[in-house]
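I had a fold to look through today and kept notes as I went. Here is the model I worked from.

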Amino acid sequence: MSKSETDISKQLGEGSHLTWDHPYYDIARHQIVEVAGDDNFGRKVIVFNACRMPPHHELDHHKLLMYLKATLDQYVESDYTLIYFHNGLTSENKPSLSWLRDAYREFDRKYKKNIKALYIVHPTMFIKTLLILFKPLISFKFGRKINYINYLSELEDIVKCEQLVIPTRVRDYDEKIRASLKASVQAQMSPPRSPPLPNQQFGVPLPTFSQMEDVHLAAVILKTFLRELPEPLLTYQLYNDIVNFHNVDSSSQVTAIRNMLVMLPEENYASLKFLIEFLVQVSAQSEINKMNNANLAVVFGPNLLWGQDAAMTLSAIGPINNFTRTLLDQHYKVFSP
């Protein structure tokens, strides 16, 4: 690191509040990233609090990434543990998928080598689906370090919770889901039907979807459905043609796509057509939801096609997303009679 970067890391490690003119003051003041002593194995613990992230317009996400790196720079030469409190991540403060992708790429081997465990506390369907979405990008070795923690009490096996400054919002949420779990167990001991479990989406009254914290839950379920298909919707047969689609001249792309899609099974074609037409309607509201064709392609492309050996490389993601973007842009020509 440069001298200025070394000075910054040194100040971060002092544990004192940063002065207002410090380059990372506007990030540190939110207490999103904290160093919380050592775990039960003598490894330094770094905590990331999602609930302390302010809305998008109040936070420089790039600077947050640099602040996290500056914090980790003090400990990456030794073994360390990362704890991520997921509760409190909402549509207002949630970083973009492209930022998450870039953040993972930004943390090179130096940071990934000595992280011994990443604990995700209070995981939701969203975060689990996100990890499925990013599975092609995450190495098998790093993937084995990811662990889910459903209740704060489970953290005691890893670190003494009294040394963690756990946000009140997270503690309250933990008490809420534990109370709900107890209620469901009691209901199972005596009929009638037990109340829904925390984060349950199926087998619940319709009003319960409107009470969910994340309004994007329906999209997450849709992506999970696509990703869990035994064969991708666009089929392994079309994998090579789609990955090499960027070589097709722009004037011939619609014809090429139509020739490819005619090879799909009837059910796949009908599902794809319905999905694309739906996503086009979503894109039509991009001024509000920020999901234009390019962003939709990044989100859904890897869920429409992946390699047969489930080891889709980084080099294949771009071409697949490009094909999906063209499919959205030219849908009216591709699916016309």
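**Ground rules**

I am working with a predicted model, so I took local features only at pLDDT of at least 70 and side-chain atom pairs only at pLDDT 80 or more, while totals for chains, interfaces and linings use all residues. Residues are numbered from 1 along each chain as its sequence is written, and side-chain values use heavy atoms, with hydrogens and water left out.

**Confidence**

I looked up pLDDT, the predictor's confidence in each residue from 0 to 100. The protein has a mean of 82, and 82% of its residues reach 70 or more. Where pLDDT is low, the predicted coordinates should not be read in detail.

**Overall make-up**

I get 17 helices and 5 strands for the protein. These are DSSP runs numbered from the N terminus: helices are H or I of at least four residues, strands are E of at least two. Of the 337 residues, 46% are buried. My cut-offs there are under 20% relative accessible area for buried, over 50% for exposed and partly exposed in between, with a 1.4 Å probe and protein chains only. Among contacts with a separation of 6 or more, 73% come from residues 24 or more positions apart.

**Strands around β2**

I started with β1 (residues 33–38) and β2 (residues 44–49), which run antiparallel and are joined by 4 bridges. I count two strands as paired if DSSP finds at least two bridges between them. Val 33 has Phe 48 as its bridge partner in β2, and Asp 38 stands opposite Lys 44. The hairpin has 5 residues between the strands, and Gly 42 takes a positive phi near 80 degrees in it.

On to β3: β2 pairs with this strand in the parallel sense over 6 bridges. Phe 48 turns up again, with Tyr 84 as its bridge partner in β3. Why do I call β2 largely enclosed by the rest of the structure? I do so because 5 of its 6 residues are buried.

I also checked Leu 68, which is in helix α3 (residues 61–72). Leu 68 counts as buried at 13% relative accessibility. Leaving out residues up to four places away in sequence, Leu 68 touches Val 33 and Phe 107. Its C-alpha is 9.2 Å from that of Glu 34, a residue 34 places apart along the chain.

**Rings**

How many aromatic pairs does a search of the whole structure find? I got 4. Phe 48 and Tyr 84 are a tilted pair, because their ring centres are 5.9 Å apart and their planes lie at 50 degrees. My rule covers rings of Phe, Tyr and Trp (its six-membered ring) with centres within 6.5 Å; planes under 30 degrees apart are stacked, over 60 edge-to-face and the rest tilted. Phe 48 is in β2 and Tyr 84 in β3 (residues 80–85), so the pair ties together parts 36 residues apart in sequence. Both Phe 48 and Tyr 84 are buried.

Phe 245 and Phe 323 are edge-to-face, because their centres are 5.2 Å apart and their planes are at 90 degrees. Phe 245 sits in the loop between α11 and α12, and Phe 323 in helix α16 (residues 314–329), so this pair ties together parts 78 residues apart in sequence. Phe 245 is buried at 0% relative accessible area, and Phe 323 is buried at 0% too.

I then looked for charges over rings, meaning NZ of Lys or CZ of Arg within 6 Å of the ring centre and within 35 degrees of the ring normal. The charged end of Lys 128 sits over Tyr 148, 5.3 Å from the ring centre. Arg 178 lies over the face of Tyr 151 at 5.2 Å from the ring centre.

**Positive phi**

Most residues other than glycine have a negative phi. Gln 31 is not a glycine, yet its phi is positive, near 60 degrees. Gln 31 lies in the loop between α2 (25–28) and β1, and is partly exposed at 37%. Thr 235 has a positive phi of about 70 degrees. I place Thr 235 in the loop between α10 (217–227) and α11 (239–243). Is Thr 235 buried or exposed? Thr 235 counts as buried, at 6% relative accessibility.

Terms used. Contact = heavy atoms within 4.5 Å.
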